[in-house]
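Please look over the sequence and the model shown here, and then follow the paragraphs below, which start from a single side chain and widen to the whole chain.

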Amino acid sequence: MSGEQNQQTSTEEELALRAQIERTVDSVGGLIAVYQQRFKSQYNLAQKEWVLSKQSAALILLLTLILSAMISTLWLITNGVIGSLLYKVGCPLWGLGSILLLFNVGIIIGLWQTIKTLIQKIGFSRLISSFSD
């Protein structure tokens, strides 16, 4: 009978081992399914973020162009107003051209200095040195 008991216990152990292996395989299959679903969700999120990023970049470009056009228009109007005021005062045309040229060069130098100061505060020291050279 001890032989039958050993055979019966080994059969029970084998059945228990098989059941445990099946549970482990099922658990691994469940984990794989969870990771696949997670990957699909992350992929879909990345696609949607890419679409939004492209739309945002296009909108920023459009708004930058509009702002540039508005600033250019304001610049031209300012030059026109200063020029017409100087002309009404009786300034000769060569003086008018010289004054407007000096005005515009002064504005450009002021803007350049502001840009350099901002870049220094941000911390791009190599970029500043390349501008200065």
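Trp75 counts as partly exposed, because its relative accessibility is 30%, where buried means under 20% relative accessible area, exposed over 50%, and partly exposed in between, with a 1.4 Å probe and protein chains only. Trp75 lies in helix H1; helices here are DSSP runs of H or I with at least four residues, strands are runs of E with at least two, and both are numbered from the N terminus. The model is a predicted one, in which local features need pLDDT of at least 70 and side-chain atom pairs count only at pLDDT 80 or more, while totals for chains, interfaces and linings use all residues. Residues are numbered from 1 along each chain as its sequence is written, and side-chain values use heavy atoms, with hydrogens and water left out.

Which residues does Asn104 touch, not counting those up to four places away in sequence? Its contacts, meaning heavy atoms within 4.5 Å, are with Trp75 and Asn79. Asn104 is placed in helix H2 and counts as buried, because its relative accessibility is 17%. The buried residues of H2 also include Gly95, Leu96, Leu100 and Ile119.

The 30 residues of H2 should span 44 Å at 1.5 Å a residue, and the end C-alpha atoms are 43 Å apart, which agrees; the expected span is 1.5 Å times one less than the number of residues.

Trp75 also belongs to a nonpolar patch on the surface, together with Leu76, Phe103, Ile107, Ile108 and Leu111, and this patch has about 540 Å² of accessible area. H2 gives the most to the patch, with 4 residues, although H1 (2-89) and H2 each supply at least two.

Taken as a whole, the protein chain has 3 helices and 0 strands, and 7% of its 133 residues count as buried. Its average pLDDT, the predictor's confidence in each residue from 0 to 100, is 83, and 86% of the residues score at least 70. Where pLDDT is low, the predicted coordinates should not be read in detail.

Conventions
Patches are made of residues with over 30% relative accessible area and no salt bridge: like charges are joined within 9 Å, nonpolar side chains (Val, Leu, Ile, Met, Phe, Trp, Tyr) within 5 Å. Accessible areas come from the Shrake-Rupley method with a 1.4 Å probe; for residues, only the protein chains shown count as cover. A salt bridge is a side-chain nitrogen of Lys or Arg within 4 Å of a carboxyl oxygen of Asp or Glu.
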